[in-house]
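Here's a quick tour of some side-chain packing. Have the model open and follow along.

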Amino acid sequence: MTTPSTAPARKHFSMIRGFHLADAFTLGNAACGVGAVFLAMAFMASHSLAQFLWAAALAPAAFIFDVLDGRIARWRQTQSALGRELDSLADVISFGVAPAALGFAAGLNGGWDCVILIYFVGCGVSRLARYNVTAEALSAGADKVKYFEGTPIPTSVVLVGVLAYAAWQGSIGGALWGGAWAVGPWQLHPLVLLFALSGTLMISKTLRIPKF
């Protein structure tokens, strides 16, 4: 009579031991995004221009962390599924939620504005999910993906730059460029259409951008 073989013990997943240097930079990216959201909320309470501009400044800081984490991972050959998921979650905060929060704080708070801002964040989440699913196929055995399908979510830094410039010019709140339109039961600020365009370009299947 043979004794059934016992299954090998499942190795415990240690979050701390599973982290690499690149992941620390990824968390720096996420921290910038969360800081931008907090500052946007603080601006709505205080109307301090400095808080709004500091919130906007965290977007390029998050972008720098985002660039560095990928380069460090390739340099140290420590790319992993955990790192890829961390990167996507951090990008959702810094380049999806944070720009939308800044837009809302800047005065894009009409009913239609909120719908479009939610659409923008949803497009960013969908864009990152699609990238994670298709990255292996798109890389075709190479070390990295050769091109992006749709614009990368960090391009929303441009939107933050527009909002920062508007704030610097005193053109936020009731003085937003383009004013406000009454469309049915809600208001629409034309400036929010930039978020609609950005989100739509993110989820484009036909737009292919080489990755350098």
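W177 is partly exposed, with a relative accessible area of 34% (partly exposed sits between buried, under 20%, and exposed, over 50%, using a 1.4 Å probe and protein chains only). Keep in mind that this is a predicted model, where local features need pLDDT of at least 70, side-chain atom pairs count only at pLDDT 80 or more, and totals for chains, interfaces and linings use all residues. Residues are numbered from 1 along each chain as its sequence is written, and side-chain values use heavy atoms, with hydrogens and water left out.

## Aromatic pairs

There are 5 aromatic pairs (ring centres within 6.5 Å, taking the six-membered ring for Trp; planes under 30 degrees apart are stacked, over 60 edge-to-face, the rest tilted). F43 and F52 make an edge-to-face pair, because their ring centres are 5.1 Å apart and their planes meet at 65°. Both F43 and F52 are buried.

Y165 and W177 pair up too, this time tilted, at 6.0 Å centre to centre and 45° between the planes.

## The core around F52

F52 also shows up in the largest nonpolar core, which has 34 residues, among those with the most contacts inside it (such a core is a set of buried Ala, Val, Leu, Ile, Met, Phe, Trp, Tyr and Cys residues joined through side-chain atoms within 4.5 Å). Leaving aside neighbours within four places in sequence, F52 is in contact (heavy atoms within 4.5 Å) with F43, L102, A105, A106, L163, A164 and A167.
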